[in-house]
Amino acid sequence: MKPILRRWLAVGLLVAAAVIVAVTVIANLDGVGGFAWRCDEGGQLCLSPKRGGHIYLRPLAHPLLGTALAAGLVAAAAQLAVKHRISRLASQTVAAVVAVAALLLGLPESLGPRLEASRDAVVATSPNFTLVSYRVPGLFSSGSVLLRLQSREGIASRESSESLACFMAERSDAGPEWLFGRASFVDNDEIALSAKDGTTWRVHFDTKALSSVNPVDRCTDAPDPAADYDGSGSNTSED
């Protein structure tokens, strides 16, 4: 390969690395990675997933994966553009160390999906919005079901950073009044939520911020024997 082509290819690789880093930073600042996440409600309504922001930026929001990929591109650029052998090896060694460190730091997240919230199902839709449920496992509890609102704007679709409702997980021993039943949109800014026992709430939300003015919390005060276990082999529930 001619030297000028090698230089231009190296420049292209460096530009690609810079773009990856920039996109990763933007995706995290958007809130999907949790860096800019906030919740004003408190309690169980602020459990993971710490998402919010634009839905289609989520795959790009893993900072460690983006760092590792960018480091690999820098190493390839050094192979093409740096003539001095020692300088080239030094550049590639630094890039390799950064990539390995990033991947190792991200390994616990990849191997620990049980501790992360997982999307369960779409529970209600309207022409402008979708209501989705997330299953959130608990370390010393039965876990919960969070309901989040999403806009239907194509590639610009967003998800609320706060939950509209929290219900106990099906596998808990909580009664039907603490379990999610069904949901439906009754207006452009209002959802009807029902528990398993038929109790119904009308939840109003801001169509721009996707936040609720009256969220439903059926988790914080729910009876949960698993939450009384303190991890030491004893049960802390009151008789």
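## Basis of the model

The model is predicted, so local features need pLDDT of at least 70 and side-chain atom pairs count only at pLDDT 80 or more, while totals for chains, interfaces and linings use all residues. Residues are numbered from 1 along each chain as its sequence is written, and side-chain values use heavy atoms, with hydrogens and water left out.

## Overall fold

The protein chain has three helices and 10 strands. Helices (H or I, at least four residues) and strands (E, at least two) are DSSP runs, numbered from the N terminus. Along the sequence the pattern is α-β-α-α-β-β-β-β-β-β-β-β-β.

Of the 239 residues in the protein chain, 36% are buried. Buried means under 20% relative accessible area, exposed means over 50%, and partly exposed lies in between (1.4 Å probe, protein chains only). The accessible surface of the chain is about 13500 Å², and carbon and sulfur atoms hold 59% of that surface. Accessible areas come from the Shrake-Rupley method with a 1.4 Å probe; for residues, only the protein chains shown count as cover.

Trp8 lies in helix H1, which covers residues 3-29. Trp8 is exposed, at a relative accessible area of 59%. Together with Ile4, Leu5, Val11, Val15 and Val19, Trp8 makes a nonpolar surface patch of about 590 Å². Patches are made of residues with over 30% relative accessible area and no salt bridge; like charges are joined within 9 Å, and nonpolar side chains (Val, Leu, Ile, Met, Phe, Trp, Tyr) within 5 Å.

Helix H2 (residues 63-81) has 19 residues and spans 27 Å from first to last C-alpha, close to the 27 Å expected at 1.5 Å a residue. The expected span is 1.5 Å times one less than the number of residues. Buried residues of H2 include Gly66, Ala68, Leu73 and Leu80.

## Nonpolar cores

A nonpolar core is a set of buried Ala, Val, Leu, Ile, Met, Phe, Trp, Tyr and Cys residues joined through side-chain atoms within 4.5 Å. The largest has 19 residues, and Leu131, Leu147, Leu149, Phe185, Ile191 and Leu193 have the most contacts inside it. Strands E3 (129-136), E4, E6 (165-168), E7 (180-187) and E8 (190-195) each give two or more residues to this core. A second, separate core of nine residues includes Val136, Leu146, Cys166 and Leu179.

Leaving out residues up to four places away in sequence, Phe185 touches residues including Phe129, Leu131, Leu149, Ile191 and Phe205. Contact means heavy atoms within 4.5 Å.

## Salt bridges

The whole structure has three salt bridges. Each is a side-chain nitrogen of Lys or Arg within 4 Å of a carboxyl oxygen of Asp or Glu. Arg158 pairs with Glu153 (3.4 Å, N to O), and Glu153 is partly exposed at 42% relative accessible area.

Glu190 pairs with Arg202, with the closest N and O atoms 3.4 Å apart. This pair links distant parts of the chain, with Glu190 in strand E8 and Arg202 in strand E9, 12 residues apart. Glu190 counts as buried at 11% relative accessibility, whereas Arg202 is partly exposed at 47%. Lys196 and Glu170 form a salt bridge at 3.5 Å, N to O.

## A loop residue

Ala156 sits in the loop between strand E4 (144-151) and strand E5 (158-159). Ala156 is partly exposed, with a relative accessible area of 33%. Ala156 and Gly53 are 103 residues apart in sequence but 9.5 Å apart in space, C-alpha to C-alpha.
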